[in-house]
Every structure is written in C-alpha cells, then in structure tokens.
Amino acid sequence: MLKINEIFLSIQGEGISTGYPTIFVRLTGCNLSCSYCDTVYSHHEGSLMSVEEVVSQIKTYGYKRVCLTGGEPLLQDEVRVLLSRLEDYEVNIETNGSIDINKFPLNPKHRYTMDIKAPSSGASNSIFYENFTNLRKNDEIKIVIGSREDYLWMREIIKKFHQLGVITVSPVFGEIDPQKIINWILEDNLDLRFQLQIHKIIWNPDERGV
Ligand SMILES: C[S@@+](CC[C@H](N)C(=O)[O-])C[C@H]1O[C@@H](n2cnc3c(N)ncnc32)[C@H](O)[C@@H]1O
Ligand SMILES: Nc1nc2[nH]cc(C(=O)O)c2c(=O)[nH]1
Ligand code: SF4
Ligand SMILES: [Mg+2]
C-alpha cells in the first residue's frame, strides 16, 4: 500500500515541463523539514491506497504526464511498483536529494528532478552527493535559494559539478526578489535556467491541489 496525501490534475508549475497538463501524486511523509516547505500538510496527512487504486485514478484524467511528489516520494518502497505500472507515462519524480537514487533505477520515459538543498533550507547536510554521478542527461537539478549566501553556495556547487545537465534555480517563494537572483546570474555569466513556481502566481499560493 502507498500512503497518499493528494492526487490532482493541474498544469506543471515547475521545471522543464512547465505548463503541460500533469497529474500530481503527492505521497505522504518526509525525512527533512526545510525552513520554507510549502507542503508541510503532506508530512503526516494521507490515506492508504493500493497501487491499483492510484493507477486507476491516474487513468481517469486522460493525460499521460505524471509528477510524483510529496513529501518525499522515495521514502515509500512501493513507489517502484507504481513506476512499473506507469511505463506508458512520462513521469517526473521530485526528490529532495537525500536519498540514493541508484536504488530506484528509472526507465527512459521517467526522470528525476533532484532538489539540492541550499543552506537557508536548514537541510544542506542531508545531501547525498553520490547522486550527482548517477543522474542521467534527462534528469534535472533544482536549487531553491532564499539569500545571497544560498546563491554563492550554489555557484560553488555548480563549479564543482560542471558536467551536470539542466540546472534550474528558483527563489524561495516570496522570500527574495527574483530580480536580484537574475542579476546575480547574469553578472556571473552563469548558464542556468531561472524559474518561478507559476501555479503560485496563477492561484492563491497557499491553495492545495493546484
Ligand atoms: C514540496 S517539495 C516535494 C518533493 C521533495 N520533497 C523535494 O523537496 O524536492 C517540491 C518542490 O517544492 C519546492 N518548494 C517547497 N517549498 C517552496 C517554497 N516555499 N518556495 C519555492 N520552492 C519550494 C521544493 O524545494 C521542491 O523542489
Ligand atoms: N502545479 C503544480 N506544479 C508543481 N510542480 C511540483 C509541485 C510539487 O509540489 O512538487 C507542484 C505543485 O504542487 N503544483
Ligand atoms: S524535502 Fe521537500 S517536502 Fe520535505 S520539507 Fe523539504 S521541501 Fe518539504
Ligand atoms: Mg508544490
């Protein structure tokens, strides 16, 4: 059984598939407690569902893109079974970077968005650095920053792991002026992808299920 917080249809609000209709499966439970977490409600709330129940709910929406998120989706082992049932779907798994992704090998239609936790999250010491060598070309790295200190930290990480594929940087929502981050990126000549979480601009930022 899987412990599921919510399943809903919306448009992808983050990452390289931003804007595409996507079915979100939010799993319950997290091993971190980032200072800025916008989904604390998913850390404990949820109900048990079988993989079959999750898959049949996914099928009702009639779309082929799925985002597994949470909480931390890789904390539940049965996610492997769910992934094996979603072979016809483009699946993106939002993971917090603290869990060994080598233990969850993905098929080519599935990909990771791996978050690297910057210092202001309070979770930097949880980073499982071996994951950097196991990411594939179509996986994405995401860094959420809330301060100049976070930015400088990120700059060092990028230097060190310059072979990384797509790197997306975004502000802690409402915490730092996006223009500042963009200016820093351009001043330093970094080739990064900047993003805002568009669902928080379209809907009320505290709204669930969007
Ligand atoms: C809620 S987390 C769930 C997946 C996984 N636990 C993780 O941290 O990647 C999904 C994404 O939302 C981002 N996020 C959470 N709160 C945020 C906030 N206040 N502002 C910007 N991004 C936020 C996280 O950094 C992560 O990339
Ligand atoms: N629209 C929308 N896009 C998202 N992309 C990642 C999300 C998440 O919470 O992980 C998310 C979310 O909660 N809503
Ligand atoms: S790892 Fe993700 S879900 Fe967990 S506290 Fe951090 S942002 Fe929230
Ligand atoms: Mg979210």
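User: Before we start, what counts as a contact here?

Analyst: Two residues are in contact if their C-beta atoms, placed from the backbone, lie within 7 Å. Keep in mind that this is a predicted model.

User: Thanks! With that in hand, what share of the contacts between residues at least 6 apart in sequence join residues at least 24 apart?

Analyst: That share is 71% in this protein.

User: And what secondary structure is there, how many helices and strands?

Analyst: The protein has six helices and nine strands.

User: How does the radius of gyration sit with a compact globule?

Analyst: It agrees: a compact globule of 210 residues would have a radius of gyration near 17 Å, and the protein has 17 Å. Along the principal axes, the C-alpha atoms fill a box of roughly 50 × 35 × 30 Å.

User: Nice. What percentage of the residues is buried?

Analyst: Of the 210 residues, 32% are buried. The largest nonpolar core has 29 residues.

User: Which residues have the most contacts inside that core?

Analyst: Those are Val 25, Val 66, Leu 68, Ile 143 and Ile 145.

User: Let's pick Val 66. What does Val 66 touch, leaving aside neighbours within four places in sequence?

Analyst: Val 66 is in contact with Thr 22, Ile 23 and Val 25, and also with Ile 58, Leu 86, Tyr 89 and Val 91.

User: Switching to ligands: which residues are around ligand 2?

Analyst: Ligand 2 has Ser 10, Ile 11, Gln 12, Gly 13, Glu 14, Phe 24, Thr 39, Cys 67, Thr 69, Glu 94, His 199 and Val 210 around it. Strand 1 (2-11) and strand 4 (65-69) are the elements that give two or more residues to this shell.

User: Is Asp 100 buried or exposed, and why?

Analyst: Asp 100 counts as exposed because it has 11 C-beta neighbours inside 10 Å, and the cut-off for exposed is 12 or fewer.

User: So which residues does Asp 100 contact, beyond four places in sequence?

Analyst: Asp 100 is in contact with Phe 128, Glu 130 and Asn 131. As for Arg 148, which is 48 residues from Asp 100 along the chain, the two C-alpha atoms are separated by 29 Å.

Terms used: Residues numbered from 1 in each chain as written. Chains lettered and ligands numbered in written order. Predicted model: local features only at pLDDT ≥ 70, side-chain atom pairs only at ≥ 80, totals over all residues. Near = placed C-beta within 6 Å. Helix = DSSP H or I, 4+ residues; strand = E, 2+ residues; numbered from the N terminus. Rg over C-alpha atoms; globule rule 2.2 N^0.38 Å. Buried ≥ 20, exposed ≤ 12 C-beta atoms within 10 Å, placed from the backbone. Core = buried A, V, L, I, M, F, W, Y, C linked by C-beta atoms within 7 Å.
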